[in-house]
Amino acid sequence: MSEPGYQSDTLKEFTPEPTDARRVVVLISGNGSNLQALIDAQAHDELGGEIVAVISNEPDAYGLQRARDAGIDAVVLPHREYESRDAYDGALIKVIERHEPDLIVLAGFMRILSPRFVQRFLGRMLNIHPSLLPAYQGLNTHAKALADGVTEHGCSVHFVTEELDGGPVALQAAVAVADDETEASLKQKVHAREHLIYPIAVKWFLEGRLQLGAEGVTFDGQPLSPQGLRMSHADAAEELDEDQAP
Ligand code: GRF
């Protein structure tokens, strides 16, 4: 403890070295609009870390171009060149680990992951899914929600476990389904919410606020409900400058 009035010439001249930025690897297969949201957040110093590599299993994924445009290492690892899921996932683990990530972010990575892969990164791998999980796991979530006539839909950020789209949820954003909603309009609203909450969840993880423990997800040390934290339709609509009437 320093005494009152204590001054150190050494400390006065001390320039703190930046601590190593937290490292993020993003996996994609396609357009990469969620990747773009993460890149934009990083550009505004709002990600809490650095995207050090983007890896795609699809050579033509537009997200690779987004990565290059942002000066991020863009890696193509085509799954078709491997004879089995296990062989591919083994190669993917190697490429990911070369980048020494603190967090692996799945952003439209359209691959079923082997148990070995999931176990390797358990507790430090997030995914975003276009539904309010546990509702509508799998594909075509917007069409299914509309067919069921639900009044509320949305998206979820969750930790990845061996159960496809079944890992513990950290953060959701809701959409009130309008009377004249179409699949396209619903998809667009959900996407906008994905871009809103994914960078927030990543930042919380990198700051150590969001964690996966034995009892599930905790936020600032407090256990979350199975739905995680929820951004309401009204709050999301306001953030996005949407017309709030459902
Ligand atoms: C998003 O809808 C996400 O929820 C799902 O895949 C889609 C990826 O979109 N996991 P993009 O490539 O980020 O535009």
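I begin with a pair of strands: strand 1 (23-28) and strand 2 (50-56) run parallel and are joined by six bridges. Helices (H or I, at least four residues) and strands (E, at least two) are here DSSP runs, numbered from the N terminus. Two strands pair if DSSP finds at least two bridges between them.

Two remarks on the source are needed. Residues are numbered from 1 along each chain as its sequence is written. The model is predicted: local features need pLDDT of at least 70 and side-chain atom pairs count only at pLDDT 80 or more, while totals for chains, interfaces and linings use all residues.

Let me continue with these strands. V25 has A53 of strand 2 as its bridge partner. A53 also stands opposite D73 in strand 3. Strand 2 pairs with strand 3 (residues 73-76) in the parallel sense, over four bridges. The path from strand 2 to strand 3 passes through helix 3, and this β-α-β crossover is right-handed. A right-handed β-α-β unit is likewise made by strand 1, helix 2 and strand 2. Right-handed means that, with the strands pointing away from the viewer, the path from the first strand over the helix to the second runs clockwise.

How enclosed is strand 2 by the rest of the structure? Five of its seven residues are buried, so strand 2 is largely enclosed. The term buried applies if 20 or more other C-beta atoms lie within 10 Å of a residue's own; exposed means 12 or fewer, partly exposed lies in between, and C-beta atoms are placed from the backbone.

An α-helix has 3.6 residues a turn, so residues three or four places apart point the same way. Contact here means C-beta atoms, placed from the backbone, within 7 Å. After helix 2 comes D45, with a positive phi near 60°.

I turn to the domains. The domain assignment of the protein chain gives domain 1 (21-121) and domain 2 (128-246); such bounds come from an automatic or database assignment. The C-alpha centres of domain 1 and domain 2 lie 21 Å apart. To the contact, domain 1 contributes 19 residues and domain 2 contributes 15 residues. On the side of domain 1 that touches domain 2, the elements giving two or more residues are helix 2, strand 4 and helix 5 (115-120). Helix 2 gives the most to that side, with five residues. The residues of this side of domain 1 divide into 12 nonpolar, four polar and three charged. Ala, Val, Leu, Ile, Met, Phe, Trp, Tyr, Cys and Pro count as nonpolar, Asp, Glu, Lys and Arg as charged, and the others, Gly among them, as polar.

The shell consists of G30, N31, G32, S33, N34, A107, G108, I128, H129, P130, C155 and E194; a residue is near the ligand if its C-beta atom, placed from the backbone, lies within 6 Å of it. By class, the shell has four nonpolar, seven polar and one charged residue.

The loop between strand 5 and helix 6 (141-148) contains P134. The peptide bond from L133 to P134 is cis, with omega near 15°. Y136 lies in this loop too, and its phi is positive, near 55°. N140, also in the loop, has a positive phi near 55°. Most residues other than glycine have a negative phi, and most peptide bonds are trans. Are Y136 and N140 buried or exposed? Y136 is buried, with 22 other C-beta atoms within 10 Å, whereas N140 counts as exposed because 11 C-beta neighbours lie inside 10 Å.

Three strands form an open sheet in the order 8-9-10, with antiparallel pairing. Strand 8 (210-213) and strand 10 (222-223) stand at the edges with a single partner strand each, so one side of each is left without a neighbour in the sheet. Strand 9 (residues 216-219) is joined to strand 10 by two bridges, and T218 stands opposite P223 in strand 10.

Note on methods. Two residues are in contact if their C-beta atoms, placed from the backbone, lie within 7 Å.
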